[in-house]
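Keep the sequence and the 3D view open while reading.

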Amino acid sequence: MRTLTRVILMLACFLSGLAMCGGAYAAGAPLPAHSYNGLALTPPMGFNNWAHYECKLNEQLFVDTANTLVSTGLAKLGYRYVNIDDCWMEMQRDAAGELVPNPKLFPHGMRWLGDYLHSKGLKFGIYEDAGYMTCQKAPGMYGHIEQDVRTFASWGVDYLKLDYCYAPQDQYPGKNFSQVAQIVYTRVSEALHHSGRDIVFSCSPPAYVFGKPGEFAEVMRWIGSVCNLWRTDDDIYAAWKSVVANYAGNVGLAKYAFPGGWNDADMLEVGNPGMSLTEQQSQFSLWAMMASPLLISTDVAKLSPAALKILSNADVIAVDQDPLGRQASIVKQIGQVDILSRPLADGDHAVALFNKGERPEKISVNIMAIGLRPGRYQLENLWSKQVSETRAMISVEIPAHGVGLYRVSAAH
Ligand code: GAL
């Protein structure tokens with residue numbers, strides 16, 4: 001698969017005369033329609049410690065999380081990546097220039113942890129930075145790209161989140177942000193490709209030009225040809241304001257998403273204090289509509305039954321993981337309510353009615369507004385599981401900050 005994809009890309013490169021050989025797309029070239037490396041054909045699901053624990057991490061946290069993902073059934077539902085974020089390493093490389101995991105935090109080392117996760121049927125993710133330093137000032141990969149990728153592969157890494165703090169802009173005089181990021185991320189992408197392992201590549205450059213439309217668009221032109229997913233917004237935190245901000249930043253980006261190339265609206269806050277259950281359910285619904293990765297960031301062992309139920313809703317997960325890989329767009333806005341729709345692989349549509357307001361709203365929307373032809377449709381409420389039929393309208397009362405989520409299929 002990987003080789004075939006590469007051959008097709010090379011052929012496209014040759015036929016179009018664009019200078020994109022070697023993995024990178026020329027600025028201005030359309031995004032590829034398929035994963036650049038054949039990986040992450042649906043948005044990655046799993047765990048990342050950052051949003052909840054930040055630097056308060058150690059080996060035990062990941063071992064416990066892995067065990068709990070398995071025992072709660074979350075792993076079976078698809079939450080397989082267990083990703084370590086910043087602060088896992090010593091602040092200096094060793095004499096050979098190798099990254100050194102902090103021995104107090106990870107006494108058995110990373111190879112051991114990778115083996116442990118794999119023995120549980122899970123995948124191992126790690127964090128680094130493409131610049132001089134990580135955001136917490138640990139050594140970055142710049143100047144050590146191939147060496148570090150070899151190290152990660154030897155540890156059994158399956159997923160690399162590569163941040164972009166302390167970018168090496170000064171090494172490339174005359175080049176702009178996007179051009180330097182493209183050079184560096186392409187080089188990492190190539191190294192990953194030759195690592196002998198399938199490593200999902202999560203990239204951060206778009207988030208660093210969030211709110212700067214010209215620069216953002218320039219980065220988005222090449223990102224899908226070297227990365228499997230990319231952060232689009234600021235760091236999320238456990239407050240409704242933050243969730244809505246990341247939704248707003250990500251919801252208009254449907255044209256950039258495809259199977260193997262996903263807009264990443266950042267981690268899930270489900271299970272964390274600071275958000276009501278309605279808000280947690282809304283985030284989960286919206287992230288599924290946006291085909292965003294579903295990365296839990298909470299104490300999984302302490303999830304309340306209600307929060308666990310949100311994360312375990314297989315019908316909502318199926319929307320996120322739909323193989324067609326089409327991110328939802330807003331098709332209509334009525335007052336404070338956004339109506340989103342996305343087509344699904346089996347011909348159904350997923351429809352969300354999102355009440356951003358502070359009061360409950362009664363909303364009626366015609367099925368034609370969500371891109372459906374006149375006809376008889378079955379509406380399955382993916383939270384209440386109620387099934388109804390309609391010929392024209394979807395009508396629903398949505399609480400403040402709530403989302404009504406439906407699977408709409410032709411009735412027989
Ligand atoms: C930020 C990133 C966060 C986390 C943090 C670690 O730049 O967006 O998700 O990785 O760095 O320092």
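Helix packing and the ligand site

Helix α6 passes helix α8 in a right-handed crossing, a crossing being right-handed if the near helix is turned clockwise from the far one by less than a right angle, and left-handed if anticlockwise. The model is predicted: local features need pLDDT of at least 70 and side-chain atom pairs count only at pLDDT 80 or more, while totals for chains, interfaces and linings use all residues. Residues are numbered from 1 along each chain as its sequence is written, and side-chain values use heavy atoms, without hydrogens and water.

Helices here are DSSP runs (H or I, at least four residues), numbered from the N terminus. The axes of α6 and α8 (residues 213–222) are 9 Å apart, at an angle of about 25°. That makes α6 roughly parallel to α8 (angles under 35 degrees; 65 to 115 is roughly perpendicular, over 145 roughly antiparallel, and the rest oblique). Axes are lines fitted to C-alpha atoms over the stretch in contact, with angles from 0 to 180 degrees between N-to-C directions.

Helix α6 (residues 177–193) also packs with α5 (residues 145–155): their axes come within 9 Å and cross at roughly 40°. That makes α5 oblique to α6. In contact (heavy atoms within 4.5 Å), I145, E146 and V149 of α5 meet V184, R187, V188, A191 and L192 of α6.

The residues around the ligand (a heavy atom within 4 Å) include W50, Y127, D163 and Y208. A ligand oxygen lies 2.8 Å from a side-chain N or O atom of D86, and one lies 2.8 Å from such an atom of K161. For R231, the corresponding distance is 3.0 Å.

Terms used:
Helices (H or I, at least four residues) and strands (E, at least two) are DSSP runs, numbered from the N terminus. A polar contact is a pair of N or O atoms within 3.5 Å; within protein, one must be able to donate a hydrogen and the other to accept it, and residues adjacent in sequence count only if both atoms are side-chain atoms.
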